Amino acid sequence: SSQRVAAWVRSVLPGLLMTTLSLGVFIALWYFATRYRWDFYVRFTNIPSPGEVLGNVADLAQSDKFYRNMGVSLRRILLGFGIATGLGIVLGLLIGQYRVARGLLLPVFEVLRPIPAIAWVPMAIMLWPTNETSIVFITFLGSFFPILLNTIHGVNSVDPVLVRAGRCLGANELALLRQVILPAALPHIFTGLTIGMGVAWVSLIAAEMISGQFGIGYFTWEAYSLIQYADIAIGMIVIGMLGLACSGGIRLLGNLLMPWLPTHASRGRA
């Protein structure tokens with residue numbers, strides 16, 4: 001038991017030290033840039049210092065409105081990303097596996113895919129009865145196409161021998177999709193989920209800044225409008241932390257569902 005703990009410490013400690021060093025250097029550069037008001041084309045004259053941001057964090061920690069804004073953004077992400085995950089995986093499996101589905105659906109998606117999610121904001125406001133539904137729709141669009149395309153790529157990458165073996169063993173089409181194609185395509189699907197989560201946050205924050213009344217994106221834009229520069233930095237930091245937590249959750253779920261894949265640590269040692 002003590003040997004396992006020591007091995008775990010040896011494997012975790014270097015990464016923890018490097019993370020601490022990286023963040024420490026970043027905060028130090030931020031401090032000196034704001035302390036001495038660096039102005040080398042990039043201007044730090046109005047940028048809040050780490051101390052100012054920390055002081056505002058203490059005030060916002062007692063604000064129910066701030067927590068409500070975070071909760072609203074998380075709810076929108078979970079709804080939009082959840083719907084995109086379900087539709088993207090199902091449609092990706094069908095398009096990747098069946099020629100008819102590919103011929104009927106893929107051309108439409110290929111036409112819509114290059115349109116940035118934020119360009120849909122005016123149309124979404126007209127399409128949906130409330131701003132809340134419109135923002136969820138924008139979030140859905142941002143994450144849907146990365147999930148869909150990576151699922152299709154995953155299905156196309158499945159070894160045909162596995163598919164033929166499944167059919168020879170008597171698997172019907174549903175069983176083939178569920179027991180052969182889906183597990184084989186999971187690594188690509190989780191790549192799409194990770195990318196989709198990042199794009200979902202970009203789309204959500206932009207939509208909240210343009211048409212939202214609540215949410216962490218709205219909070220950040222409101223801080224800019226009210227010239228509360230420290231709150232702008234807080235909003236950006238919170239967005240980064242929430243996005244990191246969501247992406248970490250996806251990676252953790254992927255490790256649980258795909259235990260046969262090598263972990264990041266083992267790849268690094270190799």
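Predicted model: local features only at pLDDT ≥ 70, side-chain atom pairs only at ≥ 80, totals over all residues.
I take a salt bridge to be a side-chain nitrogen of Lys or Arg within 4 Å of a carboxyl oxygen of Asp or Glu.

Residues are numbered from 1 along each chain as its sequence is written, and side-chain values use heavy atoms, with hydrogens and water left out.

**Entry 1: salt bridges.** How many salt bridges does a search of the whole structure find? I get six. I looked at several of them one by one.

**Entry 2: Glu-110 and Arg-113.** I find a salt bridge here, with the closest N and O atoms 3.1 Å apart. Next I checked accessibility (buried is under 20% relative accessible area, exposed over 50%, partly exposed in between; 1.4 Å probe, protein chains only). Glu-110 is partly exposed at 32%. Arg-113 is partly exposed too, at 35%.

**Entry 3: the network.** Which residues do salt bridges that share partners join into one network? I list Arg-75, Arg-76, Glu-132 and Glu-208. I then went through pairs from this set.

**Entry 4: Arg-75 and Glu-132.** Their side chains meet in a salt bridge at 3.0 Å, N to O. I placed both ends on helices (DSSP runs of H or I, at least four residues, numbered from the N terminus). Arg-75 sits in helix H3, residues 64–97, and Glu-132 in helix H6, residues 131–156, so the pair ties together parts 57 residues apart in sequence. Arg-75 has a relative accessible area of 42% and is partly exposed. Glu-132 is partly exposed as well, at 25%.

**Entry 5: Glu-208 and Arg-76.** I read 2.8 Å, N to O, for this salt bridge between side chains. Glu-208 belongs to helix H8, residues 173–211, and Arg-76 to helix H3, so this pair links parts that are 132 residues apart in sequence. Are the two ends buried or exposed? Glu-208 is buried, with a relative accessible area of 0%. Arg-76 is buried at 3%.

**Entry 6: Thr-34.** I moved on to helix H1, residues 2–35, where Thr-34 has its place. Thr-34 is buried, with a relative accessible area of 3%. What does Thr-34 touch, not counting residues up to four places away in sequence? Taking contact as heavy atoms within 4.5 Å, I note Phe-44, Ile-47, Pro-48, Ser-49 and Pro-50.

Notes:
Helix = DSSP H or I, 4+ residues; strand = E, 2+ residues; numbered from the N terminus.
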